[in-house]
Amino acid sequence: MKRLFLKTLVAAVALSAFGLAQAQTRTIKFANQNAKGHPIVLGMEKFAEIVDKSSGGKMKVQVFPGGALGSDQANVSALQGGTLEMASMNSGIFASLVKDFAIYDFPFLFGNPKEADAVVDGPFGQGLHKKLEEKGLVGLAYYELGFRELTNSKRPINKVEDIAGLKLRVIPNPINVDWVKALGANPTPLPFPELYAALEQGAVDGQENPVATIKGAKLFEVQKYMTLTNHQYNPQSVVISKKFWDSLSAPEKKILQDAANESAGYQRTQSRAQLQSGLEDLKKGGMQVTELPAAEVAKLRDKMKPVIDKHAASVGDATVKAMMAELTKLRK
């Protein structure tokens, strides 16, 4: 009887240990709007690979590209509710939660990728991510979407005045609406998954996105003209649901944080390496690519100044001063 009891006890302990092991296997859904093959998605896949290896298979990351789990706005709600574990999205989108994030949408803020890296990886970028925690999100790292360019189906843009009258899709937030208005164009806020159909049906004439996104979404099929303006640089925040984050052990958190940092370096390298080949592919796809002359870029910058002044007030004086101080320091 005693032996039977011991056998039963051993079996119960083994079953319990097995159940615990099963429970400890974490599945993480990681969402983004871009298509498979896009540098953002390559970064996500690298993250998944690192997490799998570092956790010995105890943590599995499932990558959902192409808006498969809904729009950015839907993903934010799911992250806050804990039904989605992770997402990567334009940092400026978080301005609806923390107003300071709107600074990332300021036109002509960063002069080059090196400046952007120094700001987002330094105290400024980390400080903004910290502010997301009270909104139910934890910022782990920054990927990049890169510098944005303008496309349309109506005419080549050789001077700033050529932009006037175009109906342009913009990321749904106030600063993007305002800078498009400042150029005499008509802004149409739309979630990214709806963009291709809107262009195809002629509901909008054009849009603005980085080269890799234009290529990945095959916008060359519905857009004829592209103008290299580099008018905006988009960091992409890699965020995790705070509800999920708080359920993790310290070693699990370290695995995810380290993987986010490592994959961010890899992702930006991929993004920059693909830029030239991406332009060539767009040309092969039938797009006419032009570059604004320096004098026109100067005019473009001037038209953006009132927009920056207006939104500097709503973003917050301290945040704007901190950003400008960082940039001044970098440019010395």
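**Second largest pocket.** I looked up which element contributes most to the lining of the second largest pocket in this predicted model; the largest share, 3 residues, comes from H12. I noted a volume of about 200 Å³ for this pocket. Its lining comprises 16 residues, and I recorded Ala-95, Ser-96, Ala-102, Asn-173 and Pro-174 as the closest to the centre. Helix H6 (174-182) and H12 are the elements that give two or more residues to this lining. By class, I found 8 nonpolar, 6 polar and 2 charged residues there.

**Largest pocket.** I then turned to the largest pocket, which holds about 470 Å³ of space. I listed 25 lining residues, with Gly-146, Phe-147, Glu-149, Asn-230 and Leu-275 closest to the centre. Elements giving two or more residues to this lining include strand E4 (137-147), helix H10 (250-273) and H12. E4 gives the most, with 4 residues. I counted the lining by class as 14 nonpolar, 6 polar and 5 charged residues.

**Nonpolar cores.** I next examined the largest nonpolar core, which has 52 residues. Within this core, Ile-103, Phe-110 and Met-323 have the most contacts. Helix H12 (residues 294-315) gives the most to the core, with 5 residues. A second, separate core has 26 residues, and I noted Phe-30, Ala-48, Ile-255 and Ala-259 among them.

**Ile-103.** Which residues does Ile-103 touch, not counting those up to four places away in sequence? I found contacts with Leu-109, Phe-124, Leu-128, Val-315, Thr-319, Val-320 and Met-323.

Methods. Residues are numbered from 1 along each chain as its sequence is written. This is a predicted model: local features need pLDDT of at least 70, side-chain atom pairs count only at pLDDT 80 or more; totals for chains, interfaces and linings use all residues. Side-chain values use heavy atoms; hydrogens and water are left out. A nonpolar core is a set of buried Ala, Val, Leu, Ile, Met, Phe, Trp, Tyr and Cys residues joined through side-chain atoms within 4.5 Å. Buried means under 20% relative accessible area, exposed over 50%, partly exposed in between (1.4 Å probe, protein chains only). Contact means heavy atoms within 4.5 Å. On a 1 Å grid over the protein atoms alone, a cavity is a set of points where a 1.4 Å probe fits but cannot get out, and a pocket is an open set with protein on both sides within 12 Å along at least five of seven lines; lining residues have an atom within 4 Å of a point. Grid points are joined across faces, edges and corners, and a volume is the space filled by probe spheres set on the points. Ala, Val, Leu, Ile, Met, Phe, Trp, Tyr, Cys and Pro count as nonpolar, Asp, Glu, Lys and Arg as charged, and the others, Gly among them, as polar.
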